[in-house]
Amino acid sequence: MIKTKSFNISKQVVYEAYKRVKANRGAAGIDEESLADFENNLKDNLYKLWNRMSSGSYFPPPVKAVEIPKKNGGVRVLGIPTVSDRIAQMTVKIYFEPGVEPYFHPDSYGYRPGKSAIDAVRVTRERCWRYDWVLEFDIKGLFDSIDHELLMKAVRKHTDCKWVILYIERWLKAPFQTKDGKEVERESGTPQGGVISPVLANLFLHYTFDNWMQRNFQQTPWARYADDGIAHCRTKEEAEELLKKLEERFNECGLELHPDKTRIIYCKDDDRRGEFPIIKFDFLGYTFRPRRSKSKYGKHFINFTPAVSNKACKAMRNVIRNWRMHLKPDRELIDLSRMFNPVISGWVNYYGHFYRSELYKVLRHMNKALVHWARRKYKKLTRHRRRAEHYLGRIAKQEPQLFAHWKMGILPAAG
């Protein structure tokens, strides 16, 4: 007699899940097993995982709690699943996500295929030109606060697949394990760092906020990236009313607006003569505020528009400092390019979309670090900063492809 599995899960999908987890890389979980360790016995490990998931006997291990410093102080607790658990979560995600994606609102941008943070910044920029007022809101501790009962109600609304529901429930209940080995039970939330968590958070906020806005504030455009959101209003009174209703709605659903990151902003420019104490806000690493701009006809005017935030600039300069290039005189310039240019390219590709000149001060900081390196590497340049700048400037003109900002024309002084 052939023994059948409780659940029909494709081995091919489990293998596809492994490939996606491998592409995302990531740290080891509580078992300290790295992706390379898992791959040492790949065929057997994947078979065991498939076998346990198919029979209903897969129980996720505790999630490793890792504290990550926030840019503005404090810490964010990430939950790092084991490699095999990440593959299990990815398997469920591959089955579950296509069923919920079509229902999500076009102005929900976070953790969604085919959408990006830059899309959210772009649409917010355009709406700030059309609407005078903005309500900026942030949900306090979203991933820690999601109500399990409400979330599972939403999950069951979109799937009747028993094993998908079963494993999502088990992941929600899996405890955190702290660095001292203590296990902490979880009664709410979905771990930030889990593979399945982003789509679950989006599903929860789809009903808590997105759908609710569509029903109650149809004339108010908004953009949401996970727990960060922007809503555009025509008047201050409209923004105040929305804030009041939003607080009530989130309280109903077990969420809380962050008091320091939720406020009303006036989008001041040349055409808006009113006064209000708050005329700027940060969204996804960009600061929106009045800026001096130039029209295509050469006329200067004040425009309400985004540019890389001071906080993001400070973080990037800290990264450059931590590279400690001046302590790498044994390396060649091509080595530095291979090590650091992918990061510089990422910054340029993200923060260079709008009002790019604000990013130049960070890129010039990179040039200063390269000059410092050159003065350490070559004795003839040690005491001559200007000579080192000219030396690198000549190389930058000859080989601009070495660094992304050199291709943009942000060069050390050229001789």
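Biologist: What percentage of the 415 residues of the protein count as buried?

Modeller: Buried means under 20% relative accessible area, using a 1.4 Å probe and protein chains only. Here 48% of the 415 residues count as buried. Keep in mind that this is a predicted model: local features need pLDDT of at least 70, side-chain atom pairs count only at pLDDT 80 or more, and totals for chains, interfaces and linings use all residues. Residues are numbered from 1 along each chain as its sequence is written, and side-chain values use heavy atoms, leaving out hydrogens and water.

Biologist: How many helices and strands are there in the protein?

Modeller: Both are DSSP runs, numbered from the N terminus: helices are H or I with at least four residues, strands are E with at least two. This protein has 15 helices and eleven strands.

Biologist: Which strands make up the open sheet of three strands, and in what order?

Modeller: Two strands pair if DSSP finds at least two bridges between them. The order here is β9-β10-β11, with antiparallel pairing. At the edges sit β9 (281-283) and β11 (300-308), each pairing on one side only. From one strand to the next, the twist averages 50°, an angle between N-to-C directions of lines fitted to C-alpha atoms, on a scale from 0 to 180 degrees.

Biologist: How many bridges join β9 to β10?

Modeller: Three bridges join β9 to β10 (residues 286-294). Look for Phe281, which stands opposite Phe288 in β10.

Biologist: What box do the C-alpha atoms fill?

Modeller: Taken along the principal axes, the box is roughly 85 × 60 × 40 Å.

Terms used. Buried < 20%, exposed > 50% of the residue type's maximum accessible area, 1.4 Å probe, protein only.
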